[in-house]
Amino acid sequence: MALYWCTECIPLAVTALLPVILFPMMGIMESGEVCVQYLKDSNMLFIGGLLVAIAVEHWNLHKRIALRVLLIVGVKPALLMMGFMGTTAFLSMWISNTASTAMMLPIAHAVLQQLKRTEQEADEKELQGVHDNQGFEMGDLQDIKPCKRRKLKREQKYLNLSKGMSLCVCYSASIGGTATLTGTTPNLILKGQVDELFPGNNGVINFASWFGFSFPNMLLMLILSWIWLQFMFLGLNFKKSFGCGTKNSGDKEAYQVMKDEYKRLGSMSFAEGSVLTIFVLLVALWFTREPGFMPGWATVTGVLSCRFVTDGTVAIFMSTLFFILPSKLPRFSCSRSADSDEDSLKAPPALLNWEVVHERMPWSIILLLGGGYALARGSETSGLSLWLGNSLAPLKEIPPFAISLLLCLLVGTFTECSSNTATTTLFLPILASMATAIELHPLYVMLPCTICASLAFMLPVATPPNAIAFSYGNLKVMDMAKAGFMLNIIGVLCINFALNTWGVAMFQLDTFPAWANVTTGSP
């Protein structure tokens, strides 16, 4: 399965179904036991999160949020890059990285084109003034040469700016997806694998605990990535980049492009307001279900328990409302006519219908998640996990921080040529076995490696956002490799810094938990 996932010789989802065929035939697990692994609580959380993302995209709410933020930030190069990175990262926390990249890149390039066009028109007017000069002589060629040099300089400037903007959008989409439990698939794979391999973990990974650890780490990575891309493509001339004390018509016209785009959306509709309300309520319920530092609503209610009501329960409940609530307020008219009577009796369409969901839902990922859980259970039942753990026992002599750092570098390299979902699915059961064997907190290696699986920055084929950015034609593979290599190093260092500071305090990573002391599983 590892070989098939890496080479993609058959679709990833089809490879994920192999345990259904092979485990019963090899006498490892019964068919019914294998099939149950394909629709667990983590899958329900994934489906619920995706339904919310589909509703947000369907009603264009993400575009309204993006443009509103960019209008606040402005169009100065450094601030514009910061605005695009922050907005893309925020959207990627809730909708797919691919969708946020596909939406933000055209806006970024439209703004840059307007800035370039305005500057070009100003230079052409200056050159035309030289030609129209009545006293034009051969000596006046000295006046034309600076204009041509300025043109070449302008072309190079906007080429670099375009490259930097393309990379900042696709990179921030990958970084932003690490901040929430539903932001990208590897995060949910970790939760599923921890729940599968360590049933008594008392919900150590939930929406609130993940956000508490990953959101500050995401902000740190985003700021350092912005500084690196700023240095690489714009230089460190703060006066030019931030536009301190300078104003020109080009900025106003580029700003007007975004303003016109925002006006085209019109005022917020009832459907957009409803989707936004459900989204905010969902996030609030996720955070307050079991926050950790105080009793959550799932515990306070008395009847319920956090074991019964999970983040998946909340996600499915709130996303069901999209199929119930109307997309328009019902209209009641006093005038009598056949047409008006028919319209008033007809119910407005719901916020979502199944046709839209069926078209946009990545069903293959659900099977891929299930395949990973089935593989983990098969490894445990057959005794493979125990054997792997014992084989890796000599690693106990190495300091934990060195183990984490080396494994992060390994996963970060591997994910460049394999999908982040397949990488996480392959590595996490092995890491769990290793952690148990050397009596190290499982999250000390599983958590950083999960986040590192999303740090595929070096190649266009590494992630869909990278491929979208590369498709615009202004990037070379070497541009992405140079920028991405440094970002991979920055990401690994940031994650390990977070792990050994607030991560230790949050998850008690410096002790080996009782729930991880699993010795079951015999061949």
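Predicted model: local features only at pLDDT ≥ 70, side-chain atom pairs only at ≥ 80, totals over all residues.
Biologist: Which other residue forms a salt bridge with Arg377?

Modeller: Glu33, where the closest N and O atoms are 3.6 Å apart.

Biologist: How do Arg377 and Glu33 score on accessibility, then?

Modeller: Arg377 is partly exposed, with a relative accessible area of 22%. Glu33 counts as partly exposed too, at 34%.

Biologist: OK, what does α19 itself look like?

Modeller: Helix α19 runs over residues 363-382, which makes 20 residues. From first C-alpha to last it reaches 29 Å, close to the 28 Å expected at 1.5 Å a residue. Most of α19 is covered, with 14 of the 20 residues buried. What follows α19 is Gly383, with a positive phi near 90°.

Biologist: How many salt bridges does the structure hold?

Modeller: Nine. One of them is Glu261 with Arg264, at 2.7 Å from N to O.

Biologist: Where are Glu261 and Arg264 relative to each other in the helix?

Modeller: Both belong to helix α13 (residues 249-264), and because they are three residues apart, about one helical turn separates them. An α-helix has 3.6 residues a turn, so residues three or four places apart point the same way.

Biologist: What's the accessibility of Glu261 and of Arg264?

Modeller: Glu261 is partly exposed at 23%, whereas Arg264 is exposed, with a relative accessible area of 61%. Elsewhere, salt bridges with shared partners join Glu33, Lys40, Glu196 and Arg377 into one network.

Biologist: Changing topic: which residues form the nonpolar patch on the surface?

Modeller: Leu405, Leu406, Leu409, Phe485, Met486, Ile489 and Leu493, with about 600 Å² of accessible area together. Helices α21 (400-414) and α25 (477-507) each supply at least two of the patch residues.

Biologist: Which helix gives the largest share?

Modeller: That's α25, with four residues. Phe485 has its place in α25, and this residue counts as partly exposed because its relative accessibility is 47%, not over the 50% needed for exposed.

Biologist: Now Glu272. Where does it lie, and what does it touch?

Modeller: Glu272 lies in helix α14 (residues 270-289) and is buried, with a relative accessible area of 6%. Leaving out residues up to four places away in sequence, Glu272 touches Trp59, Asn60, Leu61, Arg64 and Ser267. A polar atom of the Glu272 side chain also lies 3.2 Å from the backbone nitrogen of Ser269.

Conventions:
Residues numbered from 1 in each chain as written. Heavy atoms only, no water. Buried < 20%, exposed > 50% of the residue type's maximum accessible area, 1.4 Å probe, protein only. Polar contact = N/O pair within 3.5 Å; in protein donor to acceptor, adjacent residues only side chain to side chain. Contact = heavy atoms within 4.5 Å. Expected span 1.5 Å × (residues − 1). Patch = residues over 30% accessible without salt bridge, like charges linked within 9 Å, V, L, I, M, F, W, Y side chains within 5 Å. Areas by Shrake-Rupley, 256 points an atom, 1.4 Å probe, with all protein chains shown as cover. Salt bridge = Lys/Arg side-chain N within 4 Å of Asp/Glu carboxyl O.
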